Amino acid sequence: MSPRTAVVTGASSGIGAATARRLAEAGYHVVLTARRADRLEALAKEITASGHSAAAVALDVTDRGAVDALAASLDRVDVLFANAGGALGADPVATADPADWRTMYEVNVLGVLNTVQAFLPGLIASGDGTVVVLSSTAAFTPYEGGGGYVAAKHGAHALAGTLRLELLGEPVRVVEIAPGMVKSEGFALTRFHGDEEKAAAVYAGVAEPLTSEDIADTVTWAVTRPPHVNVDLLVVRPRAQAAQHRVHRKP
Ligand code: 8X3
């Protein structure tokens, strides 16, 4: 019989990579997917070298044909961690680039839709499937300059909530994890189009933002609860962040 399998999108870095490691340690065969094949290969080697099981598949979640082909190639899927996403641009609504907004919607919402639709038959067939959608505190609270990302993550939140309702009676849980400030590789840098100074300013004076490992721990905890326990939604912030705009910074 094939081993229990977890598909992780956006697995080449940050929260995706950290969660893939944790799910592998928890006994899952992890299918690592992202656009950057070289990084996936390196992570698959690392996981395999530590005695666990992983495979790397280059994938763009916005390419529905490729997502369908991956789903068709797997014998089994028990967990889908729909993690691929991100922010692009930090401009006000008045002047933001619609192309950035379109990309954010494509990845954060339609990317989740593509993977959910492709893997859902397999998740149902597993008899105990779990979808984990990585949203954000931006899924609930707007902030200046966040408009396109906030809109997209509200979309991801709506998708997760709707899916949970529609799957009532099916053996599939729908979990949403909504992190606040996470200092993860690349997130802020991508948002600021590679501007390192602006990216660093996001975390300035914050002694301990969350790490990718903190979120990996949370996702793995939710996934490994008994099958009848559906952790609907978890909002996870660092102690230094009491609300979206309330961050404790040391001078
Ligand atoms: C990341 C949190 O505050 O940058 O999803 O939107 S925030």
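## Aromatic pair

Phe 187 is partly exposed, at a relative accessible area of 26%. Tyr 149 is buried, at 7%. This is a predicted model, and it holds 1 aromatic pair. The ring centres of Tyr 149 and Phe 187 lie 5.6 Å apart, with the planes at 65°. The cut-off for edge-to-face is over 60 degrees, so the pair of Tyr 149 and Phe 187 is edge-to-face.

Tyr 149 belongs to helix α5 (residues 147–166) and Phe 187 to helix α6 (residues 187–191). The pair therefore ties together parts that are 38 residues apart in sequence.

## Charge over a ring

Tyr 28 has a charged neighbour on its face. Arg 4 lies over that face, 4.3 Å from the ring centre of Tyr 28.

## Strand β4 and its partners

Strand β4 (residues 79–82) pairs with strand β1 (residues 5–9) in the parallel sense, over 3 bridges. Here Val 7 stands opposite Leu 80 of β4. Strand β5 (residues 129–134) also runs parallel to β4, joined to it by 4 bridges. Leu 80 stands opposite Val 131 in β5. From β4 the chain crosses through helix α4 (residues 98–126) to β5, and this β-α-β crossover is right-handed.

Which residues of β4 are buried on each side? Val 79 and Phe 81 are buried on one side, Leu 80 and Ala 82 on the other.

Notes. Residues are numbered from 1 along each chain as its sequence is written. This is a predicted model: local features need pLDDT of at least 70, side-chain atom pairs count only at pLDDT 80 or more; totals for chains, interfaces and linings use all residues. Side-chain values use heavy atoms; hydrogens and water are left out. Rings of Phe, Tyr and Trp (its six-membered ring) pair if their centres lie within 6.5 Å; planes under 30 degrees apart count as stacked, over 60 as edge-to-face and the rest as tilted. Helices (H or I, at least four residues) and strands (E, at least two) are DSSP runs, numbered from the N terminus. Buried means under 20% relative accessible area, exposed over 50%, partly exposed in between (1.4 Å probe, protein chains only). A charge sits over a ring if NZ of Lys or CZ of Arg is within 6 Å of the ring centre and within 35 degrees of the ring normal. Two strands pair if DSSP finds at least two bridges between them. A crossover is right-handed if, with the strands pointing away from the viewer, the path from the first strand over the helix to the second runs clockwise.
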